[in-house]
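Good morning, colleagues. Please have the sequence and the coordinates open while I speak.

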Amino acid sequence: MEGLYQAAYDGEPCVQVLRGTLPSLKDVVCRNRVALGVAPVVDVRRPRLTVIAAIDNLVKGAAGQAVQNMNVMLGFAETTGLSC
C-alpha cells in the first residue's frame, strides 16, 4: 500500500511516507515536513485504507508554506531556508 504513495511523492523533499507505521509528532516537530502513514482497514467487505498525515503547523503552517512557495517562484531550491 505504501508503495503507491511512495511512488507519488518520490523526489518531494518535504513529504515523508512512513513504511509500516503511522506518523506521530516526533516525525514532524520543528520541520517543514508532512509525514504520511497508510494502513489497511481490516474486517470490512470492501478494501479500505486509512491515511494519516501529520504536520507541525508552527513550521509547515502558513509561514513555512509561504517560504517554500517563494523559493519555487524565485527559482531557488524548494528547501532553501527550511529544514525538511
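This is a predicted model: local features need pLDDT of at least 70, side-chain atom pairs count only at pLDDT 80 or more; totals for chains, interfaces and linings use all residues.

Along the sequence, the elements come in the order α-β-β-β-α, that is, two helices and three strands.

Let me turn to the overall dimensions. Taken along the principal axes, the C-alpha atoms occupy a box of roughly 50 × 25 × 15 Å. The protein has 84 residues, and 27% of them count as buried. Its accessible surface is about 5700 Å², with 58% of that area belonging to carbon and sulfur atoms. As for the contacts, if we take those with a separation of 6 or more, 37% are between residues 24 or more positions apart.

Strand S3 covers residues 48–55, and helix H2 covers residues 62–74. Gly61 is located in the loop between S3 and H2. Is Gly61 buried or exposed? Its relative accessibility is 18%, and the limit for buried is under 20%, so Gly61 counts as buried.

Within helix H2 we find Met73. This residue counts as exposed because its relative accessibility is 71%, and the threshold for exposed is over 50%. Met73 also belongs to a nonpolar surface patch, together with Met70, Leu74 and Phe76. Together these residues present about 470 Å² of accessible area.

I now move to the charges. The protein carries 8 positive and 7 negative side chains. The centres of the two sets lie 7 Å apart.

How many salt bridges does a search of the whole structure find? The search returns one. Its partners are Lys26 and Asp27, with the closest N and O atoms 3.7 Å apart; the cut-off applied here is 4 Å.

The two partners may also be considered by their accessibility. Lys26 has a relative accessible area of 65% and is therefore exposed. Asp27, at 13% relative accessibility, counts as buried.

To close, I would draw your attention to two places in the model: the nonpolar patch of Met70, Met73, Leu74 and Phe76 on the surface, and the salt bridge between Lys26 and Asp27. Thank you for your attention.

Technical notes: Residues are numbered from 1 along each chain as its sequence is written. Side-chain values use heavy atoms; hydrogens and water are left out. Helices (H or I, at least four residues) and strands (E, at least two) are DSSP runs, numbered from the N terminus. Buried means under 20% relative accessible area, exposed over 50%, partly exposed in between (1.4 Å probe, protein chains only). Contact means heavy atoms within 4.5 Å. Accessible areas come from the Shrake-Rupley method with a 1.4 Å probe; for residues, only the protein chains shown count as cover. Lys and Arg count as positive and Asp and Glu as negative; His and the chain ends are not counted. The place of a charge is taken as NZ of Lys, CZ of Arg, CG of Asp or CD of Glu. Patches are made of residues with over 30% relative accessible area and no salt bridge: like charges are joined within 9 Å, nonpolar side chains (Val, Leu, Ile, Met, Phe, Trp, Tyr) within 5 Å. A salt bridge is a side-chain nitrogen of Lys or Arg within 4 Å of a carboxyl oxygen of Asp or Glu.
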